[in-house]
Amino acid sequence: MNNSLTLADLHSSWPDFTHNINLFLEELGLDQLSLECDHAALRVNSTSVADELSNALCNDGVVISNNMINGRPILIIELNTPLQLTNLTIDCIELPYPGSKQYPIEGWEHIELVLPCQANNCEQLTQALVERVPHLADVIDNKTEIKVKLSSPSGEHERLANPTIAFKKGNICIKVHPHGIKEVIASEQS
């Protein structure tokens, strides 16, 4: 476990992370959909590392959400200088404070893509995604080595249903949901 993860570490690991994400996007067929990537997410194992990263990231951004989700704070930091992932611009980072789970690798963990649709639950989201990428039906039915998790996470003030499909292979994860993070945060204000 690395207790000294820094912003410099995140910058130096970004090229490898994006390379692996791009390969996984291609394998899933999601690269053909021209979806928006609303944020990239980190995983850390200690509060001190989360505090240090939060402070460092806020030197080039601002916290636009600090919400309790599943009993722990999760920050969304909007960057002044967006990250680039091939043709995708990512202007927000999700920084979850640690819960009880210890991650084998700290650092970049996943990206989240927005599939614009009216899905209010995982079944509707699955249908919308499979209509666009039919071969994902087998993946979602667990007929491949790719792990799939369907969930409907929500913060304590969210008013917008945002079901999620997570595709995981090794240490790489790509999540798909119908609403972008800024839209979800706006729903908390109403």
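**Notes on side-chain contacts**

1. Glu 78 is partly exposed, with a relative accessible area of 25%. As the model is a predicted one, this value, like the others in this note, is computed from predicted coordinates. The partner of Glu 78 in a salt bridge is Lys 182, with 2.6 Å from N to O. This pair links distant parts of the chain, since Lys 182 belongs to helix 5 (residues 181-188) and Glu 78 to strand 3, 104 residues apart. Lys 182 is likewise partly exposed, at a relative accessible area of 36%.

2. A second salt bridge joins Lys 169 to Glu 145, and here the closest N and O atoms are 3.3 Å apart. Lys 169 sits in strand 7 (residues 164-169), while Glu 145 is in the loop between helix 4 and strand 6, so that the pair links distant parts of the chain, 24 residues apart. Lys 169 counts as partly exposed at 31% relative accessibility, whereas Glu 145 is exposed, with a relative accessible area of 55%. Through salt bridges that share partners, Glu 27, Glu 145 and Lys 169 are joined into one network.

3. How many salt bridges does a search of the whole structure find? The search gives 7, and one of them is formed by the side chains of Glu 109 and Arg 43, at 3.6 Å from N to O. Because Glu 109 lies in strand 5 and Arg 43 in strand 1 (residues 36-43), this pair ties together parts that are 66 residues apart in sequence. Both Glu 109 and Arg 43 are buried.

4. Turning to the aromatic side chains, the count comes to 3 aromatic pairs. Among them is the pair of Trp 14 and Trp 108, which is edge-to-face, with 4.7 Å centre to centre and 65° between the planes. Since Trp 14 lies in helix 1 (residues 7-28) and Trp 108 in strand 5 (residues 107-114), the pair ties together parts that are 94 residues apart in sequence. Trp 14 is buried at a relative accessible area of 10%, and Trp 108 is buried at 11%.

5. Trp 108 also forms an aromatic pair with Phe 17, and this one is stacked, with 5.9 Å centre to centre and 25° between the planes. Phe 17 lies in helix 1 and Trp 108 in strand 5, so the pair ties together parts that are 91 residues apart in sequence. Both Phe 17 and Trp 108 are buried, and together with Trp 14 they form one aromatic cluster.

6. Finally, a positive surface patch is formed by Lys 101, Lys 147, Lys 149 and Lys 168. Of these residues, Lys 101 is found in the loop between strand 4 and strand 5, and Lys 101 is exposed, with a relative accessible area of 51%.

Notes. Residues are numbered from 1 along each chain as its sequence is written. This is a predicted model: local features need pLDDT of at least 70, side-chain atom pairs count only at pLDDT 80 or more; totals for chains, interfaces and linings use all residues. Side-chain values use heavy atoms; hydrogens and water are left out. Rings of Phe, Tyr and Trp (its six-membered ring) pair if their centres lie within 6.5 Å; planes under 30 degrees apart count as stacked, over 60 as edge-to-face and the rest as tilted. Helices (H or I, at least four residues) and strands (E, at least two) are DSSP runs, numbered from the N terminus. Buried means under 20% relative accessible area, exposed over 50%, partly exposed in between (1.4 Å probe, protein chains only). Patches are made of residues with over 30% relative accessible area and no salt bridge: like charges are joined within 9 Å, nonpolar side chains (Val, Leu, Ile, Met, Phe, Trp, Tyr) within 5 Å. Accessible areas come from the Shrake-Rupley method with a 1.4 Å probe; for residues, only the protein chains shown count as cover. A salt bridge is a side-chain nitrogen of Lys or Arg within 4 Å of a carboxyl oxygen of Asp or Glu. Lys and Arg count as positive and Asp and Glu as negative; His and the chain ends are not counted. The place of a charge is taken as NZ of Lys, CZ of Arg, CG of Asp or CD of Glu.
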